[in-house]
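Colleague: I would like to learn how to read helices and sheets in a model. Please take me through a few features.

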Amino acid sequence: MPKERVEKNHQDNTIQNMMSLQEKFKEIINDVVGPIQDESFLPPLKTVSLEKDIKPAIGYIRYSDKKQDDNNSVEMQKRQIENKASLEGYHIILWSMDKAVSATHKDAINRPWMKVLFNCASIEQFIGAIFFCEESRVSRRVNDFVRDVHDPLKEEKPTLKFFSTTEPDEWDPTKPHIQAKLLIYRNESEYKKDRTVRYQNNCLYPSDNQKPKRPGSALPYGYTKDNNGEIIIDNTDNKADIVYLINYLSSVGYSNKFIATLLNDCEIPSPKGKSWVASMIDKIIQNLFYQGYLTWNVRESRTNSARKKLDQIDIFKSSHEPIIPPHLAEAVKQMKSFKNQFGRNMDTPFTLKDLLECKNCHVPLTSKNFTSGKSNNQKYVYRCTSCKNFVEVEKVHDIVFKKVFDHLSKNSVGMKKEALTMLKRWNKSVTQKQSDVLKTIQHVKEQERFVVNRNTPEEIEFANSIASTLDKLTKKVEELAEIIKKIEQLLDPTKLEILFTSFFKNDKSNPLSKLELRSLFLFLIEKIDLNLATNNVSINYRITPFVDIEKWISQATADLAM
């Protein structure tokens with residue numbers, strides 16, 4: 001057989017073996033990172049002309065900054081690796097690329113595409129090499145790549161080779177200058193991390209009596225910066241209005257899923273220009289930045305994106321203008337509390353569920369579906385579990401709805417005044433309580449002067465008791481100050497007028513839905529006494545819609561017998 005023919009057959013077999021390896025790689029990729037439509041990580045081989053005795057190789061690329069996706073970082077790494085591989089007699093058949101994954105915060109083996117590399121290189125048929133650019137691409141933690149990737153693979157396959165584009169020979173982590181470079185990259189990362197933390201602290205805790213400013217992170221949807229670098233509301237394409245609308249619909253009782261669907265139906269793009277989903281709506285509702293605050297340390301950790309509890313988040317009053325006013329923010333919070341207490345399904349035929357009570361038995365009425373299985377007519381009732389009497393929902397709704405809207409049309413001005421008066425009364429009461437606690441703190445501090453020695457068990461116990469009491473009282477002062485601040489925000493007559501206007505509005509040409517009616521009644525009504533024999537009703541209205549604030553005040557002052 002002619003020499004050319006032999007070489008051609010050899011090259012065809014080499015390409016066929018590499019393509020077979022790529023098919024196995026696809027299965028591993030699917031298991032580790034999931035299905036991927038774009039197969040750019042598997043270079044095409046059919047049209048490639050390979051030199052004699054060329055061997056397969058895997059190229060590893062990591063780029064930690066998302067902005068590098070659009071610049072030359074990836075292409076530069078690819079080019080350097082391809083040149084090195086060609087020089088050593090290898091051809092890259094898999095690009096294993098970790099995008100926007102930190103080498104400082106994640107061990108090498110915990111990066112998704114490093115796992116792909118490890119599993120692919122472990123295949124028995126793979127007899128080749130692994131290539132990467134300089135050491136910082138694979139590790140910034142000194143020994144994680146060597147310990148979890150290099151050494152296990154070399155132990156399993158001694159002929160497997162590692163190459164760095166910055167090393168003339170095979171990469172060997174036992175060489176002193178390689179170890180020195182790994183250590184340098186680790187120290188460089190620590191320095192960058194410390195510098196970042198110092199910058200963040202200078203922004204959040206300024207020493208020049210200025211207000212905190214947001215560290216260099218992306219602004220939330222609905223905000224931008226002016227030419228002076230100041231944060232301003234961005235209403236281009238109605239962004240700020242959309243944020244307000246989302247919060248308003250949430251305050252009325254609509255679910256995050258409903259709001260997302262509504263925005264998509266209206267062809268309003270999400271912050272990233274895609275379709276809205278419920279989690280995006282929740283993120284906007286939860287973001288205190290829209291209320292004029294800076295928040296930091298919001299997530300549990302870098303690997304756990306769950307939000308911390310509110311009292312565990314660092315909150316700073318900022319100088320930027322809020323999109324969401326205090327009264328709306330409080331209404332959103334109150335609606336969430338209602339849903340937690342009464343159930344998340346607001347779009348129910350039982351509009352007055354949890355509000356009705358049997359006047360004779362003083363027992364809450366339950367909601368029941370008495371519809372017969374063969375009947376086409378729905379029969380919903382409210383029923384007393386004590387006397388067993390019941391009434392159809394339509395009858396009660398007709399009576400209560402008329403009574404409520406008549407009351408609102410005649411007494412809206414008086415109800416607003418009552419709410420304002422109650423807020424002022426709460427403010428005065430809590431301020432007095434705060435003053436009393438401060439006096440008590442002063443008294444306890446005077447007692448502290450008697451703690452001279454801490455030698456005997458009695459002296460130690462007394463000193464600890466003083467310290468514990470001061471700590472509790474100090475926290476109580478802070479809590480009361482927070483309540484006062486919240487009340488003073490709500491006392492803005494203009495903002496309060498907007499809130500009550502939304503409650504008292506009853507446009508007959510555009511009647512409220514069942515969901516909106518239920519939300520309205522939860523805000524306005526404390527209890528409805530219903531006489532099941534005569535269908536007479538007596539309605540106890542709330543003085544303010546801020547139910548949770550009233551509970552908060554009650555709980556915060558319950559243990560203050562002063």
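Predicted model: local features only at pLDDT ≥ 70, side-chain atom pairs only at ≥ 80, totals over all residues.

Modeller: Residues are numbered from 1 along each chain as its sequence is written, and side-chain values use heavy atoms, with hydrogens and water left out.

Colleague: What span should helix α4 have?

Modeller: Helices (H or I, at least four residues) and strands (E, at least two) are DSSP runs, numbered from the N terminus. The expected span is 1.5 Å times one less than the number of residues. For the 13 residues of α4 (144-156) that gives 18 Å, and the end C-alpha atoms are 18 Å apart, which agrees.

Colleague: Which residues of α4 are buried?

Modeller: Buried means under 20% relative accessible area, exposed over 50%, partly exposed in between (1.4 Å probe, protein chains only). Among those buried in α4 are Phe145, Val149 and Leu153.

Colleague: In what order do the strands of the open sheet lie?

Modeller: Two strands pair if DSSP finds at least two bridges between them. The order is β9-β13-β14, with mixed pairing. β9 (356-358) and β14 (537-541) are the edge strands, each pairing on one side only. β9 and β13 (residues 525-530) run parallel, joined by 3 bridges; Glu357 has Asp529 in β13 as its bridge partner.

Colleague: Is Asn427 buried or exposed?

Modeller: Asn427, in helix α10 (residues 393-448), is buried, at a relative accessible area of 14%. Contact means heavy atoms within 4.5 Å. Beyond its neighbours within four places in sequence, Asn427 is in contact with Ile484, Ile487, Glu488 and Leu491.
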